[in-house]
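Let's take a friendly walk through a protein model. Keep the sequence and the 3D view beside you as you read.

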Amino acid sequence: MNSAGQLFWCLITLACLVWYSTMTFLVAYRGVVDIRGMLGRLRQGQLDDEAARANQP
Amino acid sequence: MSNFSWVDGSIVGVYLLATMTAGIMVRKYVGRVETFLVAGREMNLYLGIASLAATEFGIVTCMYTAQNGYDKGFAGAAPGILFALAYLIVGKTGFCIEPMRRSGVITLPEMFEKRFGSGIRWLSGLVIIISGLMNMGIYLRMGGEFLISVTGISGGGHTLEIMMTVLLIAVAVYTILGGMLSVLVTDFLQFVVMSAGLILVTILIIYRVGWSTLLGTVESHYGAGGFDPLQNADMGWSYIIFNSLVVTACVLTHQPVVQRVLAAKDSETGRKIFTQTSFFFVCRFVIPGIWGIAALASLPAGLVGENTRAAMPLYLSTVLPVGLMGILVAAMLAADMSTDSSYLLAYGSVIYNDLLAPLRRRLHPTEKRGLLWNRFIVAALGVFFLFYGLWYPLQGSVWAYLTITATIGFASMTTLLVSCCYWKRANNWGAAGAIIAGAVVPLSYLVLEQLPATRGFALWIGPNWSGIAAFAGSGVAMVVGSLLKPATASVKEIPI
């Protein structure tokens with residue numbers, strides 16, 4: 001019997017399921033905020049570019 | 001007989017519709033080449049975590065990690081622990097990725113030009129492309145094989161070709177239109193769908209098979225070597241050393257990973273993405289590894305035969321109930337589409353930014369023309385991957401093939417990156433030597449392995465020692481080449 005090896009992989013598997021479930025919920029919630037922020041900043045950049053072009057003599 | 005039904009087909013259909021819609025909708029924000037290639041460097045932490053995890057988990061990942069579980073037991077997940085350590089250490093220290101992000105480049109070869117000159121930029125771009133194309137060449141095939149096996153679809157002699165083409169078109173449409181922006185938004189959706197599927201299927205398998213049965217199966221087939229890689233006959237120290245080198249190189253120089261660092265808002269965000277995603281790489285090996293062990297416990301050996309990578313999809317096709325089968329297929333499609341789209345864009349960016357750099361200096365393309373070139377390159381790469389996947393006769397361990405082909409680029413690119421960031425004496429002579437030494441060893445090994453006359457010799461060397469030799473040779477060549485070059489003939493150096 002490899003009880004130390006079995007215990008190690010048992011703990012690793014448990015940690016994987018707990019960490020992965022938690023991270024999935026966290027990323028699903030916070031990722032939406034990140035996407036909205038990113039698209040907002042890119043849109044603002046486009047508007048700034050257009051304004052700069054319009055102001056050129 | 002597979003349990004794939006119309007309910008499962010509907011789940012997959014809804015997932016595909018949502019992904020394609022989201023991917024195509026954001027194309028209106030893409031007006032510049034920098035937005036197309038690195039999303040205007042606006043990626044924040046949680047989107048970065050989702051994108052890195054989704055990019056680095058495809059069907060091919062699931063296939064080789066499950067094959068590792070089937071062939072080696074829990075010890076087959078050892079590279080996952082090495083990956084997690086590498087990401088954690090690099091993220092905490094900022095080793096190489098801090099100066100890389102601060103340099104403001106779009107690709108790694110562009111950074112090398114600042115220290116080693118334009119010739120090395122072009123040559124390193126070529127090595128990244130050769131290594132990357134050989135590596136990614138089998139992805140579509142693995143995806144097609146998995147989906148056909150799990151769903152039980154049979155449509156005559158060309159089912160695999162049709163499945164691979166459908167996969168490619170689905171990915172190429174939004175990648176060509178929206179570039180990195182579409183890739184990031186779809187990566188986020190795909191991470192959530194993929195993770196839900198992976199967790200649910202794993203819980204069901206452990207419940208169905210039983211944890212003690214999984215442990216007992218590994219014990220009876222592999223003994224202590226099924227739990228400890230150092231006691232496994234197929235692994236040992238050479239396997240651990242070579243895999244440590246490969247995963248560290250992957251973290252530092254793998255273009256799809258590098259692109260996430262370069263798309264991050266700043267170097268601090270890039271480091272946090274690495275640190276907080278690190279444990280995912282343990283899950284990436286352990287979860288499909290358990291699926292492979294469950295296949296070992298449940299399928300008669302005669303049914304699987306020599307091709308052990310077919311065991312896991314064969315097992316899943318019979319064990320999953322209606323509904324969960326649809327969630328699994330949607331999850332695996334999500335995993336594969338996020339990987340394929342990121343890799344297409346990553347290697348496309350090296351072709352445009354580095355291999356075509358001499359041409360761009362002459363023609364000075366406008367932003368609009370630059371976007372058109374990038375879109376054409378991504379489409380051409382997709383067609384190449386389709387034909388390479390159908391043509392290359394993949395045998396044996398998928399993980400061994402991937403590590404050897406990756407080493408062609410990893411060995412020299414890691415040497416160049418570390419020297420570029422931390423060794424003032426490094427120059428273009430050393431860089432050229434490192435690139436040649438790093439590519440010749442693994443390419444020679446692949447040729448020796450394919451020729452019947454030399455196959456025995458290649459087996460005697462083994463992929464681990466061949467890979468270690470590539471890293472060592474590349475490092476020695478960099479030091480010797482740099483010291484041989486007279487200091488007066490040095491390339492103009494731009495501090496990073």
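## Buried charges

A residue is called buried when its relative accessible area is under 20%, exposed when it is over 50%, and partly exposed in between (1.4 Å probe, protein chains only). At 0% relative accessibility, B:Asp187 counts as buried. The model is predicted, so local features need pLDDT of at least 70 and side-chain atom pairs count only at pLDDT 80 or more, while totals for chains, interfaces and linings use all residues. Residues are numbered from 1 along each chain as its sequence is written, chains are lettered from A and ligands numbered from 1 in the order in which they are written, and side-chain values use heavy atoms, leaving out hydrogens and water.

## Salt bridges

Side chains of opposite charge can pair when their charged atoms come close. Here a salt bridge is a side-chain nitrogen of Lys or Arg within 4 Å of a carboxyl oxygen of Asp or Glu, and the count over all chains is 4. In one of them, B:Arg271 pairs with B:Glu98, with the closest N and O atoms 2.8 Å apart. This pair links distant parts of the chain, 173 residues apart: B:Arg271 sits in helix α14 and B:Glu98 in helix α6 of chain B. Helices are DSSP runs (H or I, at least four residues), numbered from the N terminus.

B:Asp187 forms a salt bridge with B:Arg260, and their closest N and O atoms are 3.3 Å apart. B:Asp187 lies in helix α10 and B:Arg260 in helix α13 of chain B, so the pair ties together parts that are 73 residues apart in sequence. B:Arg260 is buried too, with a relative accessible area of 1%. Salt bridges that share partners also join B:Glu113, B:Arg121 and B:Asp354 into one network.

## A helix in chain B

How many residues does helix α5 of chain B have? Helix α5 (residues 78-93) has 16 residues and reaches 23 Å from its first C-alpha to its last, close to the 22 Å expected. That expected span is 1.5 Å times one less than the number of residues. Among the buried residues of α5(B) are B:Leu82, B:Phe83 and B:Tyr87. B:Gly94 follows α5(B), and its phi is positive, near 75 degrees.

## A partly exposed leucine

Where is B:Leu230 found? B:Leu230 is in the loop between α11 (211-222) and α12 (236-253) of chain B. With 39% relative accessibility, B:Leu230 counts as partly exposed.

Terms used: Helices (H or I, at least four residues) and strands (E, at least two) are DSSP runs, numbered from the N terminus.
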